[in-house]
Amino acid sequence: LEHFLSQFDGIDKDGSVTFKEFVEYYKNISASIDDDDYFELMIRNAWHMSGGQGWCENTANKRILVTFNNGKQQVIGLESDLGLNIK
């Protein structure tokens with residue numbers, strides 16, 4: 001966890017990540033990505049944020065096949081799946 005947080009804790013190196021440090025980290029990352037849509041997709045997938053449109057739509061969240069009482073089936077994306085251990 002400390003190593004993970006150290007990636008964002010770039011200004012003060014005090015063991016906590018401020019909003020400013022978080023934004024600065026992603027500002028530096030975005031500078032190396034030419035396409036805004038690809039950057040959006042990368043952020044959505046990294047943080048398991050549902051949403052997006054077209055090819056920017058999140059692809060990392062778990063999806064499950066739900067069978068309803070009437071027999072209809074639908075694939076549903078879980079919006080808050082970060083940390084779930086679903087196999």
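1. D34 counts as exposed because its relative accessibility is 81% (exposed means over 50% relative accessible area, buried under 20%, partly exposed in between, with a 1.4 Å probe and protein chains only). D34 sits in the loop between α2 (19-31) and α3 (36-46); helices (H or I, at least four residues) and strands (E, at least two) are DSSP runs, numbered from the N terminus.

2. This is a predicted model, in which local features need pLDDT of at least 70, side-chain atom pairs count only at pLDDT 80 or more, and totals for chains, interfaces and linings use all residues. Residues are numbered from 1 along each chain as its sequence is written, and side-chain values use heavy atoms, leaving out hydrogens and water.

3. Q53 lies in the loop between α3 and β1 (63-67). Its relative accessible area is 71%, so Q53 is exposed. Along the chain Q53 and L41 are 12 residues apart, and their C-alpha atoms are separated by 9.5 Å.

4. M49 is also found in the loop between α3 and β1. M49 is partly exposed because its relative accessible area is 39%.

5. Strands β1 and β2 (residues 73-77) run antiparallel and are joined by 5 bridges; two strands pair if DSSP finds at least two bridges between them. T67 stands opposite Q73 in β2. The hairpin of β1 and β2 has 5 residues between the strands, and there G71 takes a positive phi near 90°. In a regular strand, side chains alternate between the two faces of the sheet.
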